[in-house]
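This report describes selected features of one protein chain.

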Amino acid sequence: ETGYQRRVHGYLGLVLQDVCAPVKGSTCRIVHINEDGPAYDSDLDIGDTILRLNQEVVRNKVDFGNLMAQVFPGETVVLEVLAEGSDIVEDCYVAVWGLSL
C-alpha cells in the first residue's frame, strides 16, 4: 500500500500555450487539438483564445488547468472563446472525458 490514490481528471484533448499579448485579458491560446479527444469534434479551432470556462475567467493556461481540475468526466463544459482574427466571442460546448493519472 503506497497511500497513493489515483484520481481521474477531466480531459478535453487541448494543447494550450500562453502568448505574450493578452487578448481580452487572456493569454490562453489553443495550439493543438488532439484527434482522439472530445474537443476535436467541437467548434473549437487552433488559434482560438479561451476567455472563460464555465463562466469563470481564464487569464492563462494555469487558470485553465485549475478550473479543469474542478470538472469531472461526464460533465459538459462551456468554453467562451475568441476566434483568431475575429471580434466575435462564442460559446463552445465540450463533453469531458476522463484521464487517469
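A patch, as the term is used here, is made of residues with over 30% relative accessible area and no salt bridge, in which like charges are joined within 9 Å and nonpolar side chains (Val, Leu, Ile, Met, Phe, Trp, Tyr) within 5 Å. Lys and Arg count as positive and Asp and Glu as negative, while His and the chain ends are not counted. The place of a charge is taken as NZ of Lys, CZ of Arg, CG of Asp or CD of Glu. Accessible areas come from the Shrake-Rupley method with a 1.4 Å probe, and for residues only the protein chains shown count as cover.

The model is a predicted one, in which local features need pLDDT of at least 70 and side-chain atom pairs count only at pLDDT 80 or more, whereas totals for chains, interfaces and linings use all residues. Residues are numbered from 1 along each chain as its sequence is written, and side-chain values use heavy atoms, with hydrogens and water left out.

## Surface charge

Which residues gather in a patch of negative charge on the surface? They are Asp43, Asp45, Glu90 and Asp91. Asp43 belongs to the loop between β3 (26–33) and β4 (49–53); helices (H or I, at least four residues) and strands (E, at least two) are DSSP runs, numbered from the N terminus. A residue is called buried under 20% relative accessible area, exposed over 50%, and partly exposed in between (1.4 Å probe, protein chains only). With a relative accessible area of 56%, Asp43 is exposed.

Asp41 also lies in the loop between β3 and β4. Asp41 counts as exposed because its relative accessibility is 72%.

## Salt bridges

A salt bridge is a side-chain nitrogen of Lys or Arg within 4 Å of a carboxyl oxygen of Asp or Glu. How many salt bridges does this rule give? The count comes to 2.

One of them joins the side chains of Arg52 and Glu80, at 3.8 Å from N to O. This pair links distant parts of the chain, with Arg52 in strand β4 and Glu80 in strand β6 (residues 76–82), 28 residues apart. Arg52 is partly exposed because its relative accessible area is 31%. Glu80 is likewise partly exposed, at 22%.

A salt bridge is also formed by the side chains of Asp63 and Arg59, at 3.1 Å from N to O. Is Asp63 buried or exposed? Asp63 is buried, because its relative accessible area is 13%.

## Cysteines

A disulfide is a pair of cysteine sulfur atoms within 2.5 Å. A search of the whole structure finds 0 disulfides. Cys20 takes part in no disulfide, and the nearest cysteine sulfur, that of Cys28, is 14 Å away. Cys20 counts as exposed, at 83% relative accessibility. Cys28 is in no disulfide either, and the nearest cysteine sulfur to it, that of Cys92, is 13 Å away. Cys28 is buried, with a relative accessible area of 0%.

## Positive phi angles

Lys24 is not a glycine, yet it has a positive phi of about 50 degrees. Lys24 sits in the loop between β2 (14–23) and β3, and at 60% relative accessibility Lys24 counts as exposed.

Asn54, a residue other than glycine, has a positive phi near 50 degrees. Where does Asn54 lie? Asn54 is in the loop between β4 and β5 (56–57), and Asn54 is partly exposed, with a relative accessible area of 30%.

## Pairs of residues in sequence and in space

The table sets separation along the chain beside the distance between C-alpha atoms.

| Pair | Separation along the chain | C-alpha to C-alpha distance |
|---|---|---|
| Val78 and Gly13 | 65 residues | 15 Å |
| Asp41 and Val94 | 53 residues | 8.6 Å |
| Gln70 and Gly10 | 60 residues | 8.2 Å |
| Gly85 and Asp48 | 37 residues | 9.0 Å |

Val78 is found in strand β6 and is partly exposed, with a relative accessible area of 22%. Gln70 lies in the loop between α1 (61–68) and β6, and Gln70 is exposed, with a relative accessible area of 55%. Gly85 occupies the loop between β6 and β7 (89–95). Gly85 is exposed because its relative accessible area is 86%.
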